[in-house]
Protein chains: 2
Amino acid sequence: MSGRNYVHGYTQREADRLSDQAETLTGLLHSDTRYPAGSRVLEAGCGTGAQTVILAHNSLGARITSVDISEVSLDQARKRVLGEGITNVTFEAGDIFNLRYDPESFDHIFLCFVLEHLAEPRRALERLRPLLREGGTITVIEGDHGSAYFHPDSAYARRAIGCLVDLQWEIGGNALIGRQLYPLVASAGYRGVCVSPRMVYVDASRPDLVEGFTRLTFTAMVEGVGNYVVSRGAMSREDWEQGVRDLHRTCEPDGVFCYTFFKAMGRK
Amino acid sequence: MSGRNYVHGYTQREADRLSDQAETLTGLLHSDTRYPAGSRVLEAGCGTGAQTVILAHNSLGARITSVDISEVSLDQARKRVLGEGITNVTFEAGDIFNLRYDPESFDHIFLCFVLEHLAEPRRALERLRPLLREGGTITVIEGDHGSAYFHPDSAYARRAIGCLVDLQWEIGGNALIGRQLYPLVASAGYRGVCVSPRMVYVDASRPDLVEGFTRLTFTAMVEGVGNYVVSRGAMSREDWEQGVRDLHRTCEPDGVFCYTFFKAMGRK
């Protein structure tokens, strides 16, 4: 994805947010992805490497090739991986629709929070398929902003989230892609597709998730597009701020927040 | 709850729907509720006994007292339990807000799909608490219609579900109560409250759930209030029917349907 078209932008705050999110959600999203020693893994769309370090830690013997179209992101990813002392990852610049690897170069392909940013997610999956050996697996993890609901409920907060969904549509992405993974991966030619939802349920008994997910991940993401949403008149400044306040309100002791990620696995 | 105020009505079709729902969801909702032999269990609001038979099967040695305010429902529940050869359940008519048992009469209290129909769910939990011995548990299971989302998305289907939520509000219930269980049970004076979401994720790889849940449980429930919604002008007949068609559309091979129940456990 290019800098212009990445909905969350490329600021340091965004990098920090991605890092917080990755740490909080590591177990929920990644714990069941372990690739055998010696296996060749392609991470398509590694971004700033937030998922790369988890992937590499969980599969220390695998040979991971992580690609991204953004050199800026790759630089951050390289630094992050170096900082963690990880040695089984090679970074390469490349366009997910046009990767220059030989057919069947990989035993496994992994994509996390990538398809949501693509106008043609199915074509991306189709273009990756030849790179996979027969019997190899593809794993895809995506969120779904339409899966967010909370207590106390708030029409303002729902509208604010709706603006984020609309914005992602306008720049050629899809913030509701999580629920679509089954038909998407199956129609791209993979077989035995299995999707499992990974719901993040947050109430006051889990203060780590209240801070790490509701506040620092989801609400921060919504807040991050506020100026853009208001500047184009999608919501008034007042209504927007009420929506953001209402999201923070769900972090109070009687609040609840729900969000669901989806993880798909298929085979060639 | 009285016949007039039970949103789904008391027809045979409704009884069949409740039965289908109970069978499909048994494992997801009930498998982790097993009461010890000899323990005294109160099922508050047993309705037509759809959950009672599961509860009793899973705790064959427990002595279960199932109460409901509706004699019509109790008759159906008695027949259902007799038909299953279950002998550890006693049925009694009673108002959940005013049950005539001695203090600490029960080791465990169980409520499933009851609070959603009550205007004062917290007061119900407060009124039940004295009946529980010190250290005894309360278990509460509820759905949340605002947790429903699907692919293909449809504004008509979302509006139809919204009408069902509004209708339940108007007759003094709350169709969004699932997400509220943590603050509700905690504020009623129970301690160590733990809520776990039970998400029903349905795609074409699970034809049993496509039929048993998406079509025969959720969509049938929405369809069941159609005449009422249209008669009071909440939606036009045309829009309503489009919404119902769009829910059925999610049962096609490329469709997906998501819904989440919530299960809370607390102690006195």
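Helices and strands on this tour are DSSP runs, helices of at least four residues and strands of at least two, numbered from the N terminus. The model you have open is predicted, so keep the confidence colouring at hand.

**Stop 1: a cis proline in chain A**

Select A:P152, which lies in the loop between strand 6 (149-151) and helix 5 (155-170) of chain A. Show the backbone there: the peptide bond joining A:H151 and A:P152 is cis, with an omega of about -5°.

**Stop 2**

Now move to B:P152, placed in the loop between strand 6 and helix 5 of chain B. The bond from B:H151 to B:P152 is cis as well, and its omega is near 0°.

**Stop 3: a backbone angle to check**

While you are looking at torsions, select B:E104. This residue is not a glycine, yet its phi is positive, at about 60°. You will find B:E104 in the loop between strand 3 (89-93) and strand 4 (106-112) of chain B.

**Stop 4: where the chains meet**

Show both chains and pick out the interface: 24 residues of chain B are in contact with 25 residues of chain A. The area buried between the two chains is about 2000 Å², and carbon and sulfur atoms give 69% of that area. Which three residues supply more of the area that chain B buries against chain A than any other three? Select B:Y149, B:R179 and B:Y182, which supply 32% of it.

Next, colour chain B by element. Strand 6 (149-151), helix 6 (181-187), strand 7 (191-202) and strand 8 (256-267) each give two or more residues to the side of chain B that touches chain A. By type, the residues on that side divide into 14 nonpolar, six polar and four charged.

How many salt bridges does the rule find across the interface of chain B and chain A? The count is zero. As for polar contacts, two residue pairs are found between chain B and chain A, with both residues at pLDDT 80 or more.

**Stop 5**

Hide chain A and turn to the helices of chain B. The axes of helix 5 (residues 155-170) and helix 9 (residues 237-249) of chain B come within 7 Å and cross at roughly 105°. Angles of 65 to 115 degrees count as roughly perpendicular, and helix 5 and helix 9 of chain B are therefore roughly perpendicular to each other.

Show side chains for the contact. Helix 5 of chain B brings B:Y156, B:A157, B:R159, B:A160, B:I161 and B:C163, while helix 9 of chain B brings B:D239, B:W240, B:Q242, B:G243, B:D246 and B:L247. Those residues divide into seven nonpolar, two polar and three charged.

**Stop 6: helix 7 against helix 9**

On helix 7 of chain B, select B:T214, B:R215, B:F218, B:T219, B:V222 and B:E223; on helix 9 of chain B, select B:W240, B:V244, B:L247 and B:H248. This contact has five nonpolar, three polar and two charged residues.

**Stop 7: helix 5 against helix 7**

Finally, pair helix 5 with helix 7 of chain B, whose axes come within 10 Å and cross at roughly 70°. That makes helix 5 roughly perpendicular to helix 7 of chain B. Here B:A160, B:I161 and B:L164 in helix 5 of chain B meet B:F218, B:M221 and B:V222 in helix 7 of chain B. The contact divides into six nonpolar residues, no polar and no charged.

Terms used:
Residues are numbered from 1 along each chain as its sequence is written. Chains are lettered from A and ligands numbered from 1 in the order in which they are written. Side-chain values use heavy atoms; hydrogens and water are left out. Contact means heavy atoms within 4.5 Å. Buried area is the accessible area (1.4 Å probe) that two parts lose on being put together, summed over both. A salt bridge is a side-chain nitrogen of Lys or Arg within 4 Å of a carboxyl oxygen of Asp or Glu. A polar contact is a pair of N or O atoms within 3.5 Å; within protein, one must be able to donate a hydrogen and the other to accept it, and residues adjacent in sequence count only if both atoms are side-chain atoms. Ala, Val, Leu, Ile, Met, Phe, Trp, Tyr, Cys and Pro count as nonpolar, Asp, Glu, Lys and Arg as charged, and the others, Gly among them, as polar. Axes are lines fitted to C-alpha atoms, for helices over the stretch in contact, and angles run from 0 to 180 degrees between N-to-C directions. Angles under 35 degrees count as roughly parallel, over 145 as roughly antiparallel, 65 to 115 as roughly perpendicular and the rest as oblique.
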